[in-house]
Amino acid sequence: MDDSILLGGAAHAFRLIASGDARVYEAAFTSIWISCTATAFASAIGLPLGFFTAIGRFKGRVLLVAILNTLLALPTVIVGLFVYALIRRVSLLGPLDLLFSPGAMIVGQTFLAIPIVAALCLTAIETLDPAARETAFTLGASRKRLLLTVAWEARHGLLVAVAVAGGRLIGEVGVSMMLGGNITHYTRTLTTAIALETSKGEFAVAMAMGLILLALALGLNLLLRWIQGMRGGRLG
Amino acid sequence: MKRRVLGLLGSAIWLLSISGPACKKETAIKLATTTSTDNSGLLDVLLPAFTKESGIQVHVIAVGTGKALKHGENGDVDVVLVHARAAEERFVQDGFGVNRRDVMYNDFVILGPRDDPAGVGGMKEARKAMAKIAESTAYFVSRGDDSGTHEKEKELWKAAKVKPSGKWHLSVGQGMGVCLTVADEKQGYVLADRGTYLAYREAIDLSILVEGDPALFNPYGVIAVNPAKHPHVKHAEAMKLIEWLCSPAGQEIIAGFEKNGGKLFHPAAGR
Amino acid sequence: MDKAAPNTPAVSVTGLTKVYGNVTALCIERVQFDAGCVHAIVGPNGAGKTTLFRLIAGLEPSDQGDLRVLGGKIHGRSGEEHLSLRRRIGFAAQRPYLFSASARWNVEYPLRVRGITRAESENRARAAMARLGVAHLAARKTGTLSAGERQRISIARAIVTEPELLLVDEPFANLDPEGVPILESTLLDLVSSGTTILVATHLTDRAYRLSTRILRLEGGRPAPPAVVNILEGEVVSTNSGPMLVLEGGTRIHVATDRIGRRRASIFPEDVIVSARPFDSSARNILRGRITALQERGSTVFATVDAGVSLTAAVTPESCRRLALTVGSNVVLTFKAAAVKLFYKAGSVSEKH
């Protein structure tokens with residue numbers, strides 16, 4: 001790839017972004033809503049999973065922690081394959097007719113993000129000063145209140161877990177391609193569109209989408225920094 | 001707690017059910033095709049015309065030929081549009097597909113560096129050119145992904161009586177675009193479909209050395225997934241699409257489609 | 001001053017042990033902390049003070065033994081009973097953990113978890129903070145507070161529920177100088193309203209200022225208190241200089257120019273035992289009779305009733321040379337400057 005593609009591509013990219021190119025924005029919108037939804041589901045499952053693994057004292061806990069950390073390294077294609085086997089039309093969830101739909105992508109991305117959310121949540125709770133829990137205990141908190149207080153004290157870490165998962169999902173291509181099928185106006189996200197446009201030799205469009213993806217990732221990271229910079233907020 | 005979990009599950013199912021079948025208010029069928037077909041842009045012209053006439057949406061899943069047929073075998077899609085004659089026939093024979101029809105064809109070209117170290121420029125028979133490339137020290141870049149193009153490569157090697165192996169044979173395992181880029185960087189030879197080449201023409205420093213041999217023709221077939229094997233497929237709608245593609249209306253659009261200053265496809269129905 | 005049922009122990013410990021790994025952190029045969037009093041637990045760092053508090057607060061189970069807190073077993077199954085027992089105890093830790101929110105939110109926390117309304121919580125939290133002189137910090141985020149401020153917020157948080165039993169672990173360690181008298185008077189106020197208070201500190205003089213009930217821990221075991229003659233009386237000005245008039249009427253020369261109620265201590269090593277008076281610059285010469293002799297290490301401690309009970313340290317050789325036995329008549333000699341005076345914290349009188 002020579003410089004003219006890089007620079008000319010970038011220039012064209014900005015023109016496409018500025019002119020509100022439908023392909024680019026449609027893909028960006030699809031990326032955002034699918035990843036956000038999947039992040040929400042993954043958080044709804046992963047946060048409690050990580051939380052109770054961190055505070056629980058049950059048999060097999062060590063194994064569970066090891067599994068969660070192993071799943072972090074799972075290639076997206078494997079997750080895609082797993083979910084594909086689960087939702088293909090002739091399988092268990094086949095009647096829902098999910099394959100090659102946004103729903104399938106959400107299921108796949110949710111599975112992809114659960115270990116991330118859970119493992120980071122686990123770390124956030126485990127690294128929290130044990131004095132937080134003990135203090136709540138000595139101040140007369142009930143068991144339920146104790147857990148809420150621990151979650152509140154670890155809230156920065158939990159938000160980071162969610163944000164990291166969101167970042168991973170929006171830049172994810174394997175599951176989206178495999179389960180979404182990269183269908184125009186339907187399941188085409190920024191990443192699958194980038195893969196497609198690159199394979200077509202449409203480098204400028206790919207670059208434009210890449211820039212939007214970068215901007216989204218940057219925004220997410222700024223949000224993360226802001227969250228981490230926050231100290232001593234109020235209870236909402 | 002329990003109630004919350006149930007609520008969560010409920011909303012998950014609700015969301016999946018609206019995001020899945022919601023787009024089926026007007027019937028939608030799934031068409032698996034090859035990346036190169038989708039990349040050509042033909043379907044962007046062809047399918048809206050079909051939808052307009054029939055009210056049937058077509059969701060295109062563009063993958064490699066091998067995978068497109070696999071999706072058909074698994075019943076993941078309702079209809080396939082591919083270009084790999086031998087594999088298509090096997091697909092029908094094995095009972096996965098019914099009603100195979102020729103739709104159109106395009107052609108492959110052999111590309112190589114301008115200085116043509118293997119000296120194949122202008123040769124009329126593709127298999128002889130391939131044999132010569134194998135004899136030379138130049139690289140040959142292979143798709144290596146069981147795509148239609150890869151099938152064609154293998155067919156030509158077989159005709160040339162060459163076993164493609166050795167350092168000169170670079171199996172990339174990726175799409176046509178990547179292969180062209182690799183061939184460009186390595187200044188090697190590559191078999192490409194004309195459409196992708198035209199799209200890449202400006203970006204790469206490779207030229208057409210061999211073309212026009214009927215062995216390089218690349219016929220496209222459309223096949224409905226067998227409803228006897230997968231009762232859930234939308235067979236009637238799939239058949240409507242096949243009929244329409246082979247009708248004068250569909251064939252006319254195919255014949256008229258131009259891209260990057262060249263005609264890419266030639267109608268083939270009824271030939 | 002009236003004490004709330006002074007003979008009922010608020011905490012009673014029997015055969016209590018706690019082991020971490022192969023280190024015995026705590027091993028107490030029998031100790032009782034009477035209700036309605038201040039008790040000081042002294043000892044060097046690592047002596048087991050914090051471990052004892054953690055056991056009493058229910059943060060950790062003991063390995064063996066019986067621990068009764070406010071009449072109940074603190075280490076039982078968790079449940080409503082356990083919760084309501086926990087809620088009668090206040091605990092201010094040595095290294096206070098403050099929730100990352102506002103200071104006031106922290107002080108309101110123990111009230112809110114007890115289901116007390118927001119408005120009432122707010123009022124009581126404000127009052128508790130005012131008591132410790134930190135009302136102005138209410139809106140501050142805890143991350144911005146100094147160590148001394150954190151300590152005071154933590155104590156306000158521990159007392160805001162008006163607990164029956166208050167555990168304060170090393171409150172003076174991080175406290176700013178202005179905070180010390182505030183804390184002392186707060187603790188003594190609380191005790192006068194019936195609270196039982198346990199204060200752990202490695203600062204012996206702080207302990208003496210707060211209480212005469214002192215448990216000394218060393219290596220996790222109760223140790224005899226470092227022998228110090230603790231006296232209490234009134235410093236008055238006389239013709240022969242300032243004197244401390246003890247409750248039995250005994251008068252002791254002291255070196256101070258301030259009169260009023262004081263507590264005093266005399267190190268046993270500073271008291272000389274002789275058979276007869278001898279000529280010296282020391283101004284305090286008291287006659288008395290030995291009531292007890294105790295050999296500890298290479299020192300013999302002779303307890304002498306000289307109108308007031310005083311302990312003196314003598315070498316075993318001197319003990320033999322003077323033929324000291326229980327009942328021997330001896331003379332005690334010590335300098336006025338050997339009498340260390342300190343203000344008794346607060347104004348509440350306590351009896352040993």
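Modeller: Let's start with Ser274(C), which counts as buried because its relative accessibility is 10% (buried means under 20% relative accessible area, exposed over 50%, partly exposed in between, with a 1.4 Å probe and protein chains only). Keep in mind that this is a predicted model, where local features need pLDDT of at least 70 and side-chain atom pairs count only at pLDDT 80 or more, while totals for chains, interfaces and linings use all residues. Residues are numbered from 1 along each chain as its sequence is written, chains are lettered from A and ligands numbered from 1 in the order in which they are written, and side-chain values use heavy atoms, leaving out hydrogens and water.

Ser274(C) sits in strand E15 of chain C, residues 272–274 (strands are DSSP runs of at least two residues, numbered from the N terminus). Its side chain reaches the backbone oxygen of Arg276(C) at 2.9 Å. Leaving aside residues up to four places away in sequence, Ser274(C) touches Leu322(C), Val330(C), Val331(C) and Thr333(C) (contact means heavy atoms within 4.5 Å).

Now over to chain B, where the domain assignment gives domain 1 (26–106 + 219–267) and domain 2 (107–216); such bounds come from an automatic or database assignment. The C-alpha centres of these two domains of chain B lie 26 Å apart. Where they meet, 11 residues of domain 1 of chain B are in contact with 15 residues of domain 2 of chain B.

Technical notes
Helix = DSSP H or I, 4+ residues; strand = E, 2+ residues; numbered from the N terminus. Polar contact = N/O pair within 3.5 Å; in protein donor to acceptor, adjacent residues only side chain to side chain.
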